[in-house]
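Good morning. Please look at the chain on the screen while I go through a few points about its surface.

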Amino acid sequence: FQETLQQNYFPELPDGEQRIILKLLRQLNRQRRDGLCSLQQLLKSDRYYQLKKAYTTWLKNPSYALNGASEFSFLAPDLLLPTFSLVLQHPGWFVAVKFLDMDQPLPLESIPIDILQAEEPVWHDLRKRIKQLRYQLTLLSPYLTSAQETLNPIATSLKEAQEILGHLQDRSVMRDLLLKFLRQKGLKPQALTIAFAQLDRE
């Protein structure tokens with residue numbers, strides 16, 4: 001987000017908004033340093049050491065559940081189908097239909113910005129479901145060789161959908177970040193009018 005703010009937004013903003021963004025960037029740098037310090041402490045902690053030790057011990061002599069000895073190609077479709085079902089039935093696909101009382105969904109770029117913003121949590125959840133399904137497809141594809149011709153185009157479409165939804169999620173997080181910073185400083189959203197307008201255009 002720091003890079004996006006600095007390279008894509010900052011140069012286009014008026015002086016007053018640039019000053020606000022500079023303060024935010026400095027705050028983000030401090031938070032990043034603090035986060036890195038916390039991570040380094042965790043990786044040196046006894047808690048992390050015990051976790052590594054437990055995994056190493058298990059890997060030397062792994063124990064499985066009863067179905068661990070089953071033929072994996074037999075289990076693969078049953079592992080994949082519930083996730084497929086969750087993605088296909090997800091309410092995120094029907095946002096335009098629900099809000100605009102239409103029989104057919106609108107193209108994404110035709111949906112009004114206020115509807116996009118209202119449904120950001122739904123689309124964020126859909127993106128997570130798609131990501132989960134893509135990972136499962138990748139993991140299980142060696143055991144689903146007879147279905148490769150069907151699954152490959154589906155995986156490509158899922159990747160495209162995930163990228164679009166990821167872009168929306170990034171803009172949502174950016175908006176929340178700016179609003180939170182403005183509240184901390186006792187400023188109103190109007191202080192970053194141009195920045196928010198740029199976000200809405202994307």
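Start with Leu 39, which has a relative accessibility of 44% and counts as partly exposed. The model is a predicted one, and the values I give are computed from it.

Leu 39 lies in helix 2. Leu 39 also belongs to a nonpolar patch on the surface, together with Leu 36, Leu 42 and Leu 43. The accessible area of these four leucines together is about 350 Å².

Helix 2 covers residues 15-43, and Arg 33 lies in it as well. Is Arg 33 buried or exposed? Arg 33 is exposed, because its relative accessible area is 54%, and the cut-off for exposed is over 50%. Arg 33 is part of a positive surface patch.

Next, salt bridges. How many are there? The count comes to one. Asp 125 pairs with Arg 129, and their closest N and O atoms are 3.9 Å apart. That passes, because the limit is within 4 Å.

Both partners, Asp 125 and Arg 129, sit in helix 7, which runs over residues 120-140. They are four residues apart, about one turn of the helix. Asp 125 has a relative accessibility of 28% and counts as partly exposed. Arg 129, at 29%, also counts as partly exposed.

That is the end of my part.

Methods: Residues are numbered from 1 along each chain as its sequence is written. This is a predicted model: local features need pLDDT of at least 70, side-chain atom pairs count only at pLDDT 80 or more; totals for chains, interfaces and linings use all residues. Side-chain values use heavy atoms; hydrogens and water are left out. Patches are made of residues with over 30% relative accessible area and no salt bridge: like charges are joined within 9 Å, nonpolar side chains (Val, Leu, Ile, Met, Phe, Trp, Tyr) within 5 Å. Accessible areas come from the Shrake-Rupley method with a 1.4 Å probe; for residues, only the protein chains shown count as cover. A salt bridge is a side-chain nitrogen of Lys or Arg within 4 Å of a carboxyl oxygen of Asp or Glu. Lys and Arg count as positive and Asp and Glu as negative; His and the chain ends are not counted. The place of a charge is taken as NZ of Lys, CZ of Arg, CG of Asp or CD of Glu. Helices (H or I, at least four residues) and strands (E, at least two) are DSSP runs, numbered from the N terminus. Buried means under 20% relative accessible area, exposed over 50%, partly exposed in between (1.4 Å probe, protein chains only).
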